[in-house]
Each structure stands twice: as C-alpha cells, then as structure tokens.
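Please look over the sequence and the structure shown here before reading on. The briefing that follows goes through the structure topic by topic.

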Amino acid sequence: MEILIRPLCAGDVSAAAAIEAAVPDGWSENGVRGALESDAARCFFALAGGEGAGFAAFTCAGGEANLDALSVAPAWRRRGVARALLTHALAQLAGEGAGEAFLEVRASNAPAQALYRSLGFIQIGIRKGFYTNPREDAVLMRKELCRG
C-alpha cells in the first residue's frame with residue numbers, strides 16, 4: 001500500500017476534520033482551517049487507497065516545531081500512516097530550519113509513545129491535566145532534528 005504525504009490544501013479541510021473527529025480532543029473544521037491559514041503552521045495530509053488517511057499539524061517558530069495534532073482515520077490505523085506522516089513532516093521541517101521538535105501525548109497512549117520513541121523522541125517531562133476530554137496528563141517529548 002502506498003501512502004502519499006503532501007501539504008494540506010483548502011480542499012482537504014473537511015476530510016482532515018472528519019479524521020480529527022474520531023479522536024478525543026480532535027480539532028473542528030474551523031480549527032483545521034485556522035491552522036491551514038496560519039503562517040506559523042505546517043499542515044500535512046496523508047492519502048492511502050485513494051482516500052484521506054491522516055492529518056498532522058505543527059506550529060513552527062524560533063527553530064522549533066511543535067506537533068499540535070496527529071490523527072489517523074480509524075480504517076487506516078496500525079498500517080504505517082502515522083509513521084509516514086511524521087517521517088515526512090519532520091524531514092520537511094528540518095529542511096526549513098527546525099532544529100528540534102516537541103509533542104505532547106496522552107500518558108495512557110502507550111502505542112503512540114512507542115511510535116514516537118521509535119522515531120527518536122525522548123520523554124522530557126509531564127504536563128499535569130493537559131488533556132480535558134477526558135482529563136489526563138500528557139507526556140512531553142522532544143526530538144533533535146538534523147537540519148537540511
């Protein structure tokens with residue numbers, strides 16, 4: 001199965017919002033559109049099997065990239081979409097000058113933490129009560145990027 005990663009475009013907003021709707025604290029269509037329109041945001045869209053399979057959004061400033069949203073459509077989970085999205089996005093962001101990337105992940109989300117560790121992220125802290133739906137701590141992770 002081929003996974004195509006490309007920048008999010010205006011025509012993808014509804015599909016990305018539908019993917020986000022399947023995760024706790026997922027972004028609304030307005031949230032996805034707002035990220036797309038932000039100069040500091042970098043948004044990526046994954047296509048697999050001819051359909052929207054995943055969405056990732058980063059905020060970039062001061063040589064840092066922060067993963068704000070990452071979601072995969074339920075039908076495409078555990079099939080390499082998140083890994084492909086992150087691998088592509090992190091390489092792109094490093095090429096744009098980001099020297100490090102940060103993210104928060106639910107403390108209970110062991111599969112996501114394992115994915116992030118496999119990509120070189122390390123835990124650097126805990127954010128108490130970071131998530132609200134449901135209330136949960138976040139694990140703060142960081143990765144040094146090789147600049148292109």
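**A buried arginine and its partners**

R106 is buried, with a relative accessible area of 11%, in what is a predicted model. The side chain of R106 meets that of E136 in a salt bridge, with 3.0 Å from N to O. E136 lies in strand β7 (residues 135-144) and R106 in strand β5 (residues 100-106), so this pair ties together parts that are 30 residues apart in sequence. E136 also counts as buried, at 15% relative accessibility.

**Salt bridges**

- Side chains of opposite charge can pair when their charged atoms come close.
- The structure holds eight salt bridges, and three residues, D25, R106 and E136, are linked in a network of them.
- D25 has its place in the loop between α1 and α2, where it counts as partly exposed at 31% relative accessibility, and its phi is near 60°, which is a positive value in a residue other than glycine.
- R33 forms a salt bridge with E29, in which the closest N and O atoms are 3.1 Å apart; these two residues are four residues apart in helix α2 and are therefore separated by about one helical turn.
- K128 forms a salt bridge with D137, the closest N and O atoms being 3.5 Å apart; here K128 is exposed, with a relative accessible area of 68%, whereas D137 counts as partly exposed at 25%.

**Aromatic pairs**

- A pair of aromatic rings is described by the distance of the centres and the angle of the planes.
- W27 is partly exposed, with a relative accessible area of 22%, whereas F55 is buried, with a relative accessible area of 0%.
- F44 and F58 form another aromatic pair that is edge-to-face, with 6.2 Å between the centres and 85° between the planes.
- F44 lies in strand β2 (residues 41-48) and F58 in strand β3, so the pair ties together parts that are 14 residues apart in sequence, and both F44 and F58 are buried.

- Leaving aside neighbours within four places in sequence, Y116 is in contact with L67, L70, L86, L103, V105, F121 and M141.
- Helix α3 (residues 81-95) has 15 residues and reaches 21 Å from its first C-alpha to its last, which is close to the 21 Å expected at 1.5 Å a residue.
- An α-helix has 3.6 residues a turn, so residues three or four places apart point the same way.
- The buried residues of α3 include V81, A82, L85, L86, A89, L90, L93 and A94.
- Just after α3, G97 takes a positive phi of about 110°.

**A buried serine**

- S71 is found in strand β4 (residues 64-72) and is buried, with a relative accessible area of 2%.
- The side chains of S71 and E20 are joined by a polar contact of 2.6 Å.
- Not counting residues up to four places away in sequence, S71 touches I19, E20, V23, A53, G54, F55 and L85.

**Backbone features in two further loops**

- The peptide bond from N133 to P134 is cis, with omega near 0°, and P134 is found in the loop between β6 (122-132) and β7.
- R78 has a positive phi of about 65° although it is not a glycine; the place of R78 is in the loop between β4 and α3, and R78 counts as exposed at 78% relative accessibility.

Technical notes: Residues are numbered from 1 along each chain as its sequence is written. This is a predicted model: local features need pLDDT of at least 70, side-chain atom pairs count only at pLDDT 80 or more; totals for chains, interfaces and linings use all residues. Side-chain values use heavy atoms; hydrogens and water are left out. Buried means under 20% relative accessible area, exposed over 50%, partly exposed in between (1.4 Å probe, protein chains only). Rings of Phe, Tyr and Trp (its six-membered ring) pair if their centres lie within 6.5 Å; planes under 30 degrees apart count as stacked, over 60 as edge-to-face and the rest as tilted. The expected span of a helix is 1.5 Å times one less than its number of residues. A polar contact is a pair of N or O atoms within 3.5 Å; within protein, one must be able to donate a hydrogen and the other to accept it, and residues adjacent in sequence count only if both atoms are side-chain atoms. Contact means heavy atoms within 4.5 Å. A salt bridge is a side-chain nitrogen of Lys or Arg within 4 Å of a carboxyl oxygen of Asp or Glu.
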